[in-house]
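Please keep the sequence and the structure at hand while reading.

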Amino acid sequence: MKSILRKLLMLVGILLIALAAAWIVWPNGSRINLTKLKIPYEKTFTTHLGLDLQGGSHLVYQADFKDVKDVDQTEAMNAARNTIERRVNSFGVSEPLVQVQGDDQIVVELPGIKDINEAIELIGQTPLLEFKSQTPQEELKPIVGQDGQITIDPNSAWKSTGLSGKNLKSALADFQQTSTGALASEVVVKLQFDEEGTKLFSEITSANMDKPIAIFLDGEIISAPRVSAVITNGQAFIQGGFTPEEAKELATRLNSGALPIPVTLISQQNVGATLGQESINKSILAGLIGMILIALFMIANYRFPGILAVLALIVYVLMSIAVFKIGISITAVILVGMFFLLGLTVNRWFGLLALLSYIALMFLNGVAPVTLTLAGIAGFILSIGMAVDANILIFERLKEEILVGKDINKAIDDGFARAWLSIRDSNVSSLITCLVLYMFGTPSIKGFAVTLSIGIIISMFSAITITRTFLKLFVTAKVMSHPWLFGVSMRKKVEA
């Protein structure tokens, strides 16, 4: 009785997971809104497509080394690529491609950014941040105008202190209380300098007590606060009547760093999504044809277990697409993967911990959606075919156990147990291959590796847990335990 109850609970759990996955996979997207329950959480699950599928902007920059001396060109190009990639990532562009092309070019692809001007502005130069002190009266440079009037050169009113954006460790949009009232505040950009900048800022504030220190941004003075105390913690504030959006954008650009070499935009174009939609349609068709052929093969060769394997394959597809839409992260791979492995090898209750930890990461925004490129879809379609390899190993072993005269339930247990080592080894070797592809491949190859590895992991769950639960639950009836239903002919059984 306890055994049947346990199987029923497992079946209910699988059905709940399948229904939840189907809800997330629903083409129009799905949404979680807990604000009505006084919980500040709202999330929408949508499919994220790469540049080749949804269109975007394609930019090519060329580096200029003529005024840059004594520099390793390869190292400088890689540093410029990393800086541009940080800028793009800081604005939340999904799956950008930033790579060095040839000796002096950098290619940037931005999925979803249809406005070329927006893309160019996105990558634009980092603002020039400078801190200047007031020039002594005797050092000011007078200018004699055409009318004979003497004025002071505004550029000479301030002199450089040596402190600039190169000493910046981080910038953050923040609120600061104003002097007008206890409840009044203004949006500022909070700066934190590195060790060298902290020491220099302390010396500057010490040497300019009761004097203004001007903050220049791109050559224009933003604010000139008067120094009232020596600042030793390396913190400063930029005040400029910013809106929260302006302050956040300025902080993002300051954080992105300066390019080590000058670059010039030499090519720009929009990539349309027409080819992408055609590719998606063909990929869906290929996936459906593949699933139908797999289903026919499994049912023809393994009969009743083949039908159950097809049902498990449907659940597998729903779960995989749901994970693509919800997302994945390094933390999820480590934490969820550890519990998942323990659930397969030690105790199934660890599988529940894997599910709960993944849901927790989802609510804590600890995962990011998988951006599907054409290569990524290819990896997923390949994983559909690989998803049944574990079932084939299990069912072939199951047939062998039935042929030697074992009871169906005993044959199922032994078939799964003896096929597990082969399943484990083949999937682990495939995951290692995916890891190598992800570490050393281009962004499109990384997309292939991500979707394939997710598919491999979920296929282990669908084969070991879902298929086994279906088999153990449905073979309790005597009519469902006939050897023919498992692809075993009576003649072979007699000969065995």
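## A four-stranded sheet

Two strands count as paired if DSSP finds at least two bridges between them. In this predicted model, four strands form an open sheet in the order β10-β7-β13-β14, and the pairing is antiparallel. Strands β10 (158-164) and β14 (220-223) lie at the edges, each pairing on one side only. On average, neighbouring strands of this sheet are turned by 45 degrees against each other, direction ignored.

Strand β13 (residues 213-217) runs antiparallel to β14 and is joined to β14 by three bridges. Within this pair, Ser223 of β14 stands opposite Ile215. Helix α5 (residues 195-207) packs on the sheet and touches β7 (129-134), β10 and β13. The direction of α5 makes about 150 degrees with that of β10.

## Strand β6 and its partners

Strand β6 (residues 105-111) is mostly covered, with six of its seven residues buried. Strand β4 (residues 56-63) pairs with β6 in the antiparallel sense over seven bridges, and Val108 in β6 is the bridge partner of Leu59.

Strand β5 (residues 97-101) also pairs with β6, over five bridges in the antiparallel sense. Here Ile106 in β6 is the bridge partner of Val100. The hairpin of β5 and β6 has three residues between the strands, and Gly102 in this hairpin takes a positive phi near 70 degrees.

How far apart are the end C-alpha atoms of helix α11? At 1.5 Å a residue, the 13 residues of α11 (residues 374-386) should span 18 Å, and the distance of 19 Å between the end C-alpha atoms agrees with this. The buried residues of α11 include Gly376, Ile377, Gly379, Phe380, Ser383 and Ile384. These residues cover an arc of only 155 degrees around the axis, so they sit on the same side of α11.

Helix α12 (residues 389-403) contains Glu396. In sequence Glu396 and Ala419 are 23 residues apart, while their C-alpha atoms are 8.9 Å apart in space.

## Two loop residues with positive phi

Most residues other than glycine have a negative phi. Asp210 is not a glycine, yet its phi is positive, at about 65 degrees. Asp210 lies in the loop between α5 and β13, and its relative accessibility of 53% is why it counts as exposed.

Arg303 has a positive phi too, near 55 degrees, and is likewise a residue other than glycine. Its place is in the loop between α7 (274-302) and α8. Is Arg303 exposed or partly exposed? At 25% relative accessibility, Arg303 counts as partly exposed.

## The chain as a whole

The chain has 15 helices and 17 strands. Of its 496 residues, 42% are buried. Among contacts between residues at least 6 apart in sequence, 72% join residues at least 24 apart.

The mean pLDDT of the chain is 78, and 82% of the residues reach 70 or more. Confidence is highest in helix α8 (residues 304-326), at a mean of 89, and lowest in helix α15 (residues 490-495), at 50.

Conventions: Residues numbered from 1 in each chain as written. Predicted model: local features only at pLDDT ≥ 70, side-chain atom pairs only at ≥ 80, totals over all residues. Heavy atoms only, no water. Expected span 1.5 Å × (residues − 1). Buried < 20%, exposed > 50% of the residue type's maximum accessible area, 1.4 Å probe, protein only. Arc of directions from axis to C-beta. Axes fitted to C-alpha atoms, helices over the stretch in contact; angles between N-to-C directions. Contact = heavy atoms within 4.5 Å. pLDDT = per-residue confidence, 0-100.
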